[in-house]
Amino acid sequence: MNNLLYKELRLVIHPFYYLTSLFAALILIPYWVYFVALMYFLFIAIPNIFTNAKAQNDTGFSVLLPVKKSDVVKARVTSMAALEILQMAVAAIFVAISVAISPKGNVLIDANLAYLGCGLLLYGLFNLFFFPMYYKTGHKIGIPLMVGLTVFTIIGGIIEVLVVTVPAVAKVLDGNTPSALVSQIPVLAAGIALFAGLTWLAYRMAAKNFEAVDL
Amino acid sequence: MEILSVKNLKKHYPQFDLKDVSFSLEQGYIMGFIGSNGAGKTTTLKSMLGMVHKDSGTVSMLGMDFAQHELEIKQHIGFMFGGVDYYAKTKIRTITDVVRRFYHEWDDSIYQKYMKRFALDDNKRPSELSSGMRIKYSLVLALSHRAKLLLLDEPTSGLDPVARDNLLELFQEFIEDGERSILFSTHITSDLEKCADYITYIERGCIIESRTKDDLLQAYRLVKGTSEQLAPLQARLIASKSHAYGFSGLIKTAELDPGDRLEIEEPTLEDIMIYYAKKEGLNE
C-alpha cells in the first residue's frame, strides 16, 4: 500500500497540484461565499490528475504490479483525501488570519471552525459520489465529476441559506468571536468524523465497483 | 513439475466466447501460444491473470491456485502486454524506481546487466524508445525480480529480425537452468519454430492443439494432388485450397492412406494455422 502511495506521488500527482490549496487565500475576500474557495481543488486538481492518469495509462501500469485491485483504488482515494486534508489545513490558516483581520464576519457563513467542519463534510460527500461512480469504469470522469460537484454545490448552498434564514442554525454555525469559535469545536469534530467515514465508505464502494471491471 | 496449469477456462462476451480453455506447461520449457488476431490469446492471458473475470475454470501457477494466492504468485512471475505503453514522458529511471519497490526479490545487478545488454539508457523516456526497445525495457522489468514464469503477450511483434533473434536467444537462456518457463503468444510462427518446445494453438476461443512442437508437426501433413483427387478426399481434409494445377490441403497424419497417391510434405506451423483458419471460415 505504501508503495502504491509512493507511485501516486511520484508518477500520478504533479507537484503543482499541491499549490491549488493556496486558493484557500480566497477566504480573505470580505463578504463572499467561502465554500467556493474549497471548490477550486475540485475544478482544477481532481480533473487534471485523473485525466493525466488516464492519458499515461496508469491503470495499465498498476495492474502489472503485484498488488490487489482494491489497493489501487485505496491508494488513489487516500492520496486525493490527503490533498483534501492539505486543502483544509491551508484553509484553517486563512480562517485564522480572517478571524484576526476581519472581526465583523460575513453575510453568509463566516470563516470559522464550523465552516471548516462543513467543508470537510462537503468533501466527504463529493468523495462518496465521485469515487464509486468513477470506478465503475476506471477511466470516465465527466459524469462522476459533475455529480460530485453538484452535490457539493447543493449541500453547500443549503448550508449557506440555512445560516442566513434560520437563526438556530446561524447560532451553531455562524460567528467568529472567541466564544462562538469554542462552541463550534463539536461541529469541526463532526466534520472530521463525517469526512473520514464518508471517504472510507467511498473507498469501499469504489473498490467493489472496480473489482467488477474487466481491464 | 507443472509450473502453469489452466483448466476449463470459460469467458463469455456478447461477440466472443472462450470455450473450455485447458493447457499446462512444465518447468524448464517454452510454450508458444498461437492463434490469429482475435482468436482469444490476450483474453486467455488476461483471464489467467485475473485482469478479466473468468466465468469458470481454474488457473494455477507455481503449484498454487491463482485466485487464492494472487499476490504471492505475482511476486514470482513476470508478465507483459506489448511494450511499455505507460508514462511515456517519465524517465525510465523514475519508473524503475517505482516498480522495484513492489518486489521482494528485485535484484538491481540483474536490472543493470540487462539494461546494459539491451543498450537501454535509463535517462531516456519511453516516448524516446523504439517499439522494440520498449518491449525490451518491459522484459527487463520482468526479469529483474527473478521471475520463475514469464507470460508474454506478443513480445516479438514490432521487432526487427535481428532483435527478434536476440530475444529468442534470451528466452532460451532464461529456461536453461530447467526451473523457469515461458509462455508467449505470437502470430509470428517462425519465432516458435526457432525456440518453442510446446505449442498451444487457439482459434475462435477454442484450444485446437496443445502438445510438443514436434508432435504437432508430425500430427499433420500437407498434401497436394489433382482436382480429381480432391472430391473423395474432401471429408478427411481439414481444409483445402484449389488452384489451376489441382489442390493443396492439410490432413491429420493418421488419416493418410498410402492408396491416396498424393504428394506429401511436412507442414510448417504457419500452414497448420492457415488451414485451420480456413476451416473456421476466418480467411474467406
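Student: How many residues of chain B are in contact with chain A?

Tutor: Happy to start there, and keep in mind that this is a predicted model. On the chain A side of the contact there are 18 residues. Helices H2 (70-76) and H3 (92-100) of chain B each supply at least two residues of the side of chain B that touches chain A. The number of chain B residues in contact with chain A is 18.

Student: How do the residues on that side of chain B divide into nonpolar, polar and charged?

Tutor: Let's take the side of chain B that touches chain A class by class. Three of its residues are charged and four are polar. The nonpolar ones number eleven.

Student: What is the radius of gyration of chain B, and what does the globule rule give?

Tutor: Chain B has ten helices and 14 strands. For its 284 residues the globule rule gives 19 Å, and the radius of gyration is close to that, so chain B is as compact as a globular protein of that length. The C-alpha trace spans about 65 × 40 × 40 Å along its principal axes. The radius of gyration itself is 21 Å.

Student: Are helices H5 and H6 of chain A roughly parallel or roughly antiparallel?

Tutor: The axes of H5(A) (residues 113-134) and H6(A) (residues 142-165) come within 8 Å and cross at roughly 155 degrees. Angles over 145 degrees count as roughly antiparallel. The crossing is also right-handed. The angle therefore makes H5(A) and H6(A) roughly antiparallel.

Student: Is Glu255(B) buried or partly exposed?

Tutor: Glu255(B) sits in the loop between strands S13 (246-252) and S14 (263-265) of chain B. Its C-alpha atom is 56 Å from that of Val98(B), 157 residues apart along the chain. A residue needs 20 or more other C-beta atoms within 10 Å to count as buried. Glu255(B) has 15, so it is partly exposed.

Methods
Residues numbered from 1 in each chain as written. Chains lettered and ligands numbered in written order. Predicted model: local features only at pLDDT ≥ 70, side-chain atom pairs only at ≥ 80, totals over all residues. Contact = placed C-beta atoms within 7 Å. Helix = DSSP H or I, 4+ residues; strand = E, 2+ residues; numbered from the N terminus. Nonpolar A, V, L, I, M, F, W, Y, C, P; charged D, E, K, R; others polar. Rg over C-alpha atoms; globule rule 2.2 N^0.38 Å. Axes fitted to C-alpha atoms, helices over the stretch in contact; angles between N-to-C directions. Parallel < 35°, antiparallel > 145°, perpendicular 65-115°, else oblique. Left-handed = near helix turned anticlockwise from the far one by under 90°. Buried ≥ 20, exposed ≤ 12 C-beta atoms within 10 Å, placed from the backbone.
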